[in-house]
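Subject: Structure for your review

Hello,

Please find the structure below, followed by notes on what was found in it.

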Amino acid sequence: MQQLNEIFTTLHQYIGGNNWFIFLLLGTGLFFTLYLKFPQIRYFRHAVRVVRGKYDRITDKGDTTHFQSLATALSGTVGTGNIAGVALAVHLGGPAALFWMLVTAFLGMCTKFVEVTLSHKYREFDEKGMVAGGPMYFMRKRLNIPLKNNKMIKTGYWLGGFFAIATVLSSFGTGSLPQINSISNAIFATFGVQHIITGAVMAVLLALIIIGGIRRIASVTEKLVPFMAIIYFLTAIAIIASNYQNIIPSFLSIFENVFTGTSAIGGFLGAGFAFAFNNGVNRGLFSNEAGQGSAPIAHAAAKAHEPVSEGIVAILEPFIDTVIICFLTGMVILSSGVWSEKVPNQFQKTDIIVLAGSYTESSEDNVAKLSNYLNNKSDIPLYTGTLTVIDGKILDNNSIIHARSLAEDIVVKKGGVLYSGEIVVTNGSVADTPNDLIFSGKSLIHSAPLTTLAYTQSFLGESGKYVVAIGLLLFAFSTAIAWSYYGDRAITYLIGAKYVMIYRIIFVMAFFIASFVDTTIIWNLSMLTVAFMTVPNLIGLLILHKEVKSVIGSYWVDFRKEHPNEKVPKE
């Protein structure tokens, strides 16, 4: 398992975790923002009117309304990224990571507008009469290279196929595995229900919903998404208000270290600019999925007589998902102060690093060395050998890092009993030790447990953890619902609609199994599959930029003729 995790991590460093990916993502959003003259601002008011159905026609073709498509797409994005992903970004990059999440969302509003417009324009209907749309269709039709004698190199065909395969993989890596893993962890931590039981119950519910296809999915998400978003919004505001003395310092911390990185504070060993920037953008993408090409699959099903109106609706998606919900989660975490505090917790073995020497936080030199190591700026010696344990206490003086912090008060148990014996360490890793060997102690925490702890630091007290557990359950479950649809549309593109049911069965089975699989590995897998979808999608958008502008221009010409008394943005 550790070897698999290392493979995912290594690949991610060259793809999604590399600077070229970040610049491609942000650069595409920035290019279209300038090229189309800030449509995320100019069209925002119009988007609200469209999603309310003001300009709908009875003759519009599709499977869902504008609102249902938005709700389905939001159910795919409002998930673990909003609760666990924000906490992970702050844990890795400090408060500045939240700033880069917001920047990604603002530019992503424009990227989402463009990708949805193109996907809706080139949608098709499958052999069962259902809408089949998404970036793979505009790739297949518009990204071929023309040659002489009316011949073509079918680059679009292969790009569309690659995207569809990546979508199927991502439906597991983004939409299924991390969602149920976060749910089961939160339910276990809050209510003590075993992971496998949670996984079984949620898998049955998932199967009952997704078997009905997009119409049943849309009928569920249009009710579920508004309910969960409003409850989460009101609760977050109340918790931030209860920590009112920290609101201004927390807000300022998001911006004051944007270009310098966050210094060591408490148990947090510091994060440089590059680390905050990289993880903020990556977590922002994981949250709102702008540029990934997933949401256009849901929006393609919307009833509309032309594509631009649905693209305009999509502008609202990153705004709701990241600018509102992720920002609130980040403020809850920062104002509570728990993001830099060590707390008692059970260690995940893949997060444990045994160092060859002894380090202390009281030494500035030691902190600098550890910070450089954790931010990939330098290496430090890792331990290989055995650790001696007597009555649960490690006798050796080797420092141990867990969750990017120096672990304290470490206790080792086996089968629930204090362990005495030896622990084999290979290049700093204990991941290959027996499964019943459990490590616990004080360290930083991340992902859903960090958000859960933050929610208890208010007038709600311990009951705050129930808000996160229920919110996470709803958010993450709705994401799995939406991603099952994305995957089955990709399967339809690749091999036909008759194989969709087989895919749904496999999707539900994987959903169940992931409820008791190591979290770190799942997050690393999801970061890879996100990149595999995003790269071909962004390249396609950039190639077709002139077509996008032309389609938008035609939309406003027709709109002014049909609604001469409406105020519309100037082009």
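Two strands pair if DSSP finds at least two bridges between them. Helices (H or I, at least four residues) and strands (E, at least two) are DSSP runs, numbered from the N terminus. The model is predicted: local features need pLDDT of at least 70 and side-chain atom pairs count only at pLDDT 80 or more, while totals for chains, interfaces and linings use all residues. Residues are numbered from 1 along each chain as its sequence is written, and side-chain values use heavy atoms, with hydrogens and water left out.

Sheet

Strand S11 (residues 408-414) runs antiparallel to strand S14 (residues 437-443), and 5 bridges join them. Lys413 has Ile438 in S14 as its bridge partner. Both strands belong to an open sheet of 4 strands in the order S5-S14-S11-S12, with antiparallel pairing. The edges are strand S5 (343-346) and strand S12 (417-418); each has a single partner strand, so one side of each is without a neighbour in the sheet.

Helix pairs

Axes here are lines fitted to C-alpha atoms, for helices over the stretch in contact, and angles run from 0 to 180 degrees between N-to-C directions. Angles under 35 degrees count as roughly parallel, over 145 as roughly antiparallel, 65 to 115 as roughly perpendicular and the rest as oblique. Contact means heavy atoms within 4.5 Å.

Helix H8 (residues 135-142) packs on helix H9 (residues 155-173) at about 165°, and their axes are 7 Å apart. The two are therefore roughly antiparallel. From H8, Pro135, Met136, Met139 and Arg140 meet Gly156, Tyr157, Leu159, Gly160 and Phe163 of H9. This contact comprises 6 nonpolar, 2 polar and 1 charged residues (Ala, Val, Leu, Ile, Met, Phe, Trp, Tyr, Cys and Pro count as nonpolar, Asp, Glu, Lys and Arg as charged, and the others, Gly among them, as polar).

Between helix H2 (residues 19-35) and helix H23 (residues 545-562) the packing angle is about 40°, with the axes 12 Å apart. That makes H2 oblique to H23. Phe31, Phe32 and Tyr35 of H2 make the contact with His545, Lys546 and Lys549 of H23. By class, these residues are 3 nonpolar, 1 polar and 2 charged.

Glu422

Glu422 lies in strand S13 (residues 421-425). Its relative accessible area is 51%, so Glu422 is exposed (buried means under 20%, exposed over 50%, partly exposed in between, with a 1.4 Å probe and protein chains only). Leaving aside residues up to four places away in sequence, Glu422 touches Thr386 and Leu387.

Regards
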